[in-house]
Amino acid sequence: MYLTGKNLKHGDYMSKKSENKGERDVKKDERNRKKWDKWRFETQLMRAGEDPYPETSHSLRVPIYATKSYAYAKLDDLMQDRYYYSRTENPTLFALDHKLATLHGGEACISVASGMAAIHHAASSVLQKHIERVKPKKAKNLLPQSHPEDIPNIVIHNNQYTGTHRLFNSIYPQQGIETRRVNMENLTEVKGVVDENTKLLFAETPVNPNVHVLDIQALSEIIHEVDGQCIVDNTWASPSITKPLEFGADIVVESLTKYINGHGDVVAGAIIGNKNRIRDIRYYWNETQGAVLSPFDAFLVLRGVKTLDLRMRKHSQNALKVAKALEKHNKVAKVTYPGLESHPQHKIVRKQMKFFGGMIGIELESEEASLKFIDNLDIIKVGVSLGDTTSLIEYTAYMTGIDLSLWERKSMQISKTHFRLSVGLEDARDLIQDLKDALASI
């Protein structure tokens with residue numbers, strides 16, 4: 001029973017509520033409807049019922065704001081409001097941004113159209129200057145060859161997601177940025193290549209595709225000694241497992257496509273950092289380059305992220321069971337999984353990962369055996385990407401590594417017997433049986 005006052009019963013309350021609503025809303029609705037009565041049919045088709053927009057602050061879920069513009073009665077209203085154009089401001093995207101910043105413990109976030117867009121925008125904001133209104137005659141001074149002594153460099157791991165590898169090794173050098181590839185598992189090597197022109201250290205951990213783990217805190221300390229910035233790609237962990245900002249990283253990038261959305265129906269990315277950095281990315285880099293996330297996709301990610309922690313626990317539980325079973329199998333040459341004590345960085349894993357994640361690296365004895373194995377899986381599907389509810393396996397050399405040269409695959413430890421397994425949310429016993437059946441065929 002609802003009580004408003006001493007003796008107001010449910011029926012009285014509902015009657016009073018209806019009466020108050022009628023007084024407030026019916027008159028407002030009538031004014032809005034009558035506003036369009038004097039206009040012609042085609043104008044009514046375009047505007048009636050939507051102008052002014054019917055809004056409420058009581059919706060349980062964030063609505064999808066499928067709009068490009070925000071219209072105001074007066075210029076002064078537009079200048080004072082936070083919403084101007086959906087390339088930079090959208091309420092659905094803002095809700096997602098706020099959630100992701102909170103989950104990471106960051107000051108701010110911007111969600112973008114893909115994980116690669118997140119990497120490019122984040123790196124651009126560190127490596128290049130925010131310059132407005134350059135006169136054509138002075139534009140030549142911005143060319144990197146004008147100041148060869150000040151050419152910035154970035155340090156990356158020699159084993160990297162192939163899209164990131166391509167961006168840093170093929171595209172950025174054309175923009176006058178030097179890329180230095182080292183084994184980031186060896187901190188002495190990292191210190192040996194960092195100098196006063198090193199603006200950025202980019203670390204992806206766990207590493208794609210070999211599932212090694214990098215020490216975020218140690219790498220952050222090295223780059224901060226020369227006033228550089230550390231960007232961490234946290235896609236394989238998600239904030240449910242690792243929060244890189246807590247270990248000294250300056251910026252975090254996520255491919256929301258993977259675990260954060262978790263349902264295999266979105267391509268999206270995010271950048272998390274301090275509010276000044278994110279504001280610069282939003283209103284300069286992303287506004288200029290236009291890698292804008294759709295409000296529909298933002299809505300799907302908002303839906304998916306709610307179960308992130310539940311899913312990551314289950315992914316981790318399943319993956320540990322699968323990894324232990326594979327490690328014992330006589331036809332498997334090597335298993336790499338953060339939860340195994342045999343993992344080369346198991347001590348670092350214990351320091352910076354809450355769970356062990358859902359990704360496993362598998363090596364078989366020969367290419368012939370590998371080709372038979374992948375064609376005899378049943379429940380586990382062959383496909384690129386990861387972090388889905390469905391288990392996916394990738395034959396690395398023939399899939400994401402197909403465009404790499406021989407020397408690139410060798411330096412990135414991508415062999416013709418390597419598999420990357422994304423363990424889903426199926427029953428672990430069924431996944432283990434499926435793997436055993438496929439191994440029995442070789």
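The model is a predicted one, where local features need pLDDT of at least 70 and side-chain atom pairs count only at pLDDT 80 or more, while totals for chains, interfaces and linings use all residues. Residues are numbered from 1 along each chain as its sequence is written, and side-chain values use heavy atoms, with hydrogens and water left out.

**Nonpolar cores**

- The largest nonpolar core has 58 residues, and Val-322, Ile-360, Phe-373 and Leu-421 touch the most other members. A nonpolar core here is a set of buried Ala, Val, Leu, Ile, Met, Phe, Trp, Tyr and Cys residues joined through side-chain atoms within 4.5 Å.
- Helices (H or I, at least four residues) and strands (E, at least two) are DSSP runs, numbered from the N terminus.
- Setting aside neighbours within four places in sequence, Phe-373 is in contact with Leu-364, Ile-393, Phe-419, Leu-435, Ala-438, Leu-439 and Ile-442. Contact means heavy atoms within 4.5 Å.
- Another core, of 27 residues, lies apart from the largest one, and its members include Ala-122, Ile-156, Phe-202 and Ala-291.

- Val-211 counts as buried, at 1% relative accessibility. Buried means under 20% relative accessible area, exposed over 50%, and partly exposed in between (1.4 Å probe, protein chains only).

- Asp-227 is in the loop between H9 and strand E5 (229–233), and its phi is near 65°, a positive value in a residue other than glycine.
- Asp-227 is exposed, with a relative accessible area of 73%.

**Asn-234, a buried polar residue**

- Asn-234 lies in the loop between E5 and strand E6 (251–255) and is buried, with a relative accessible area of 0%.
- The Asn-234 side chain reaches the backbone oxygen of Thr-242 at 3.0 Å.
- Not counting residues up to four places away in sequence, Asn-234 touches His-104, Thr-205, Pro-239, Thr-242, Pro-244, Val-252, Val-253 and Glu-254.

Conventions. A polar contact is a pair of N or O atoms within 3.5 Å; within protein, one must be able to donate a hydrogen and the other to accept it, and residues adjacent in sequence count only if both atoms are side-chain atoms.
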